[in-house]
Amino acid sequence: MSGRFEPPVTETSEPFWDATRTRQLLLQWCVACERPIWFPREVCPSCLTSALEWRPASGRGTVYAVTVEHKPQNPAMADMAPYAVALIDLAEGVRMLSSVVGCPPGDVGVDMAVTVTWEALSDGRHLPLFEPARA
Amino acid sequence: MRGRAAIVGVSDAVSPTGELELHGRALEATVISEALADAGLTLADVDGVCHSTSSLGLAEYLGIHPRFTDSTNTGGSSYEVHVEHAAAAIAAGLCEVVIGVYAATPRSDRKRGGGGRGRMMMPGPNPSAEWEMAYGMRMPMGPYALAASRHMAVWGTTPEQLAQIAVSTRAWAALNPRARYQDPITIDDVLASPMQSSPLHLLDSCLVTDGAGAFVMTSAERARDLANKPVYVLGAGTCHDHLMISQMPDLTTTPGVVSGAGAFRMAGIKPGDVDLLMGYDSFTITALLHLEDLGFCAKGDGGPFVMDGKLGPGGSLPMNTNGGGLSYTHPGAYGMFLIVEAARQLRGECGARQLDSPQIAVAHGSGMVLSCMSTLVLGTEAAL
């Protein structure tokens, strides 16, 4: 178990976090606009409809930007530093903040292809992280 | 301002039970949607946002990038104040369609056990807690480091070029006996300072100091009768396009493109007319982005642009003559100091670091994590 801050769950995001119990990455889609939404919310930020649905995501993406944190923001993560925090452009067309693991943090570069991986949280949920895609 | 703006759509949500099904942002979005429909407008028309807690958070949630923003909180009268401000903004041409909203559900919040969100007037959850905090990104440095990472990858910007900004800024601080750090530094010093959030080093980063500032404004007519040379507001512009860094459309381009263009247009000036740039330097990358987004150089050219030292003493584009957030002071929200230094330079009170008769100064503030840019064009009587 890491020393990470564990994300709160809201009514809106509950389907997302429930799916992480079986290591599934879901994305919210606006049915009317036929576009994915990140971060999850109650209405579409384009048309304001609440007709949204959850769909499985590919889990594939590329690194848009990356920083290696040499000192953790959260003191409980001190033994994890240095680690790579990155913005990931998912194949579906949304950008989320995450972390890239599975290689030295200094090896993570912009445009690197990555796939989702999971880290257990204390309550059975998992936190989505990314690792270099295997060829 | 009289007769220059009108309320054109309204909505409210109430229930005889005293409780509503929706709460938080969902409730806000509903009444906004209804009020826009009432007006025959859509979200795409909106270019101004008022919210008594966070106009940035609301705009991010709605996916809009307003150029007028107002988070004034005066308690129960906040919304009358918002109307007042919006009317002035519309009359001044800052924006055309402004939304304002309020939602609180203290009665049903008790049942939800949500910790009294309504009482705090803080709608909904905190997206950053849910989608950012687990990853341990340093705040506020991490998002700026991500911007630097992207700028380097796309435009080939180098650590040495970022470091040059810190070096030029320190050269100004060396002329300011009130600066926190006054000893000259070199590019090598910056690169040898401890790495923080890569690619940003300690000396790429602003200080943490105490500090305070204030300004007084009055009408142009009264100003002419007072002791100091007036510093006129010639132009102003604002824009925000995200609150969380993951929602920033392009990490190499800030909403300063919009705020700067608006302020320059109102003032009737071009970048070449600017005698002093006070550009918020929370980090070296912040200042570099300002140079590009305000049009002092082309997008992507910021790195080569700064390398000849033009930002420092004797250079062609003096920037942050007080020593900036990098070397003068940075108590957390540095924007006030941009205005104070710009006024002192235009009044000719800066001693060893005084520029030669500057007429036009730009104070360009950056809020949160490259989220909200606000640009002021300030000038002397001669610049009117």
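Hello everyone. In chain B, 52% of the 384 residues are buried, where buried asks for 20 or more other C-beta atoms within 10 Å of a residue's own, with C-beta atoms placed from the backbone. Please keep in mind that this is a predicted model, in which local features need pLDDT of at least 70, side-chain atom pairs count only at pLDDT 80 or more, and totals for chains, interfaces and linings use all residues. Residues are numbered from 1 along each chain as its sequence is written, and chains are lettered from A and ligands numbered from 1 in the order in which they are written.

Let me start with the overall build. Chain B has 14 helices and seven strands; these are DSSP runs numbered from the N terminus, helices being H or I with at least four residues and strands E with at least two. The radius of gyration of chain B is 22 Å, close to the 21 Å from the globule rule for 384 residues, so chain B is as compact as a globular protein of that length. That radius is taken over C-alpha atoms, and the rule is 2.2 Å times the number of residues to the power 0.38. Along the principal axes, the C-alpha atoms of chain B fill a box of roughly 70 × 55 × 35 Å.

Now, where do the two chains meet? Chain B brings 34 residues to the contact and chain A brings 36 residues; a contact here means C-beta atoms, placed from the backbone, within 7 Å. On the side of chain B, the elements giving two or more residues are helices H1 (24-39), H2 (55-62), H5 (127-131) and H6 (141-155). H6(B) gives the most, with six residues. By type, this side of chain B has 20 nonpolar, nine polar and five charged residues. Nonpolar covers Ala, Val, Leu, Ile, Met, Phe, Trp, Tyr, Cys and Pro, charged covers Asp, Glu, Lys and Arg, and the others, Gly among them, are polar.

Next, a helix pair. H7 (residues 159-173) and H11 (residues 284-293) of chain B pack at about 95°, their axes 9 Å apart. That makes H7(B) roughly perpendicular to H11(B), a label for angles of 65 to 115 degrees. Axes are lines fitted to C-alpha atoms, for helices over the stretch in contact, and angles run from 0 to 180 degrees between N-to-C directions. Leu162(B), Ala163(B), Ile165(B) and Ala166(B) from H7(B) meet Thr284(B), Ile285(B), Ala287(B) and Leu288(B) from H11(B). Those residues are seven nonpolar, one polar and no charged.

On to a sheet. Three strands of chain B form an open sheet in the order S2-S1-S3, paired in parallel; pairing takes at least two DSSP bridges. S2 (68-70) and S3 (98-100) of chain B are the edge strands, each pairing on one side only. S1 (residues 48-50) of chain B joins S2(B) through three bridges, with Val49(B) opposite Thr69(B). Helix H3 (residues 78-91) of chain B lies across S1, S2 and S3 of chain B, at about 175° to S3(B).

Finally, over to chain A. Strand S5 (residues 83-90) of chain A has seven of its eight residues buried. S5(A) pairs antiparallel with S4 (residues 60-69) of chain A over eight bridges, and with S6 (residues 95-100) of chain A, also antiparallel, over six bridges. Asp89(A) has Arg95(A) in S6(A) as its bridge partner. The hairpin of S5(A) and S6(A) has four residues between the strands, and Gly93(A) there takes a positive phi near 110°.

Notes: Buried ≥ 20, exposed ≤ 12 C-beta atoms within 10 Å, placed from the backbone. Contact = placed C-beta atoms within 7 Å. Parallel < 35°, antiparallel > 145°, perpendicular 65-115°, else oblique.
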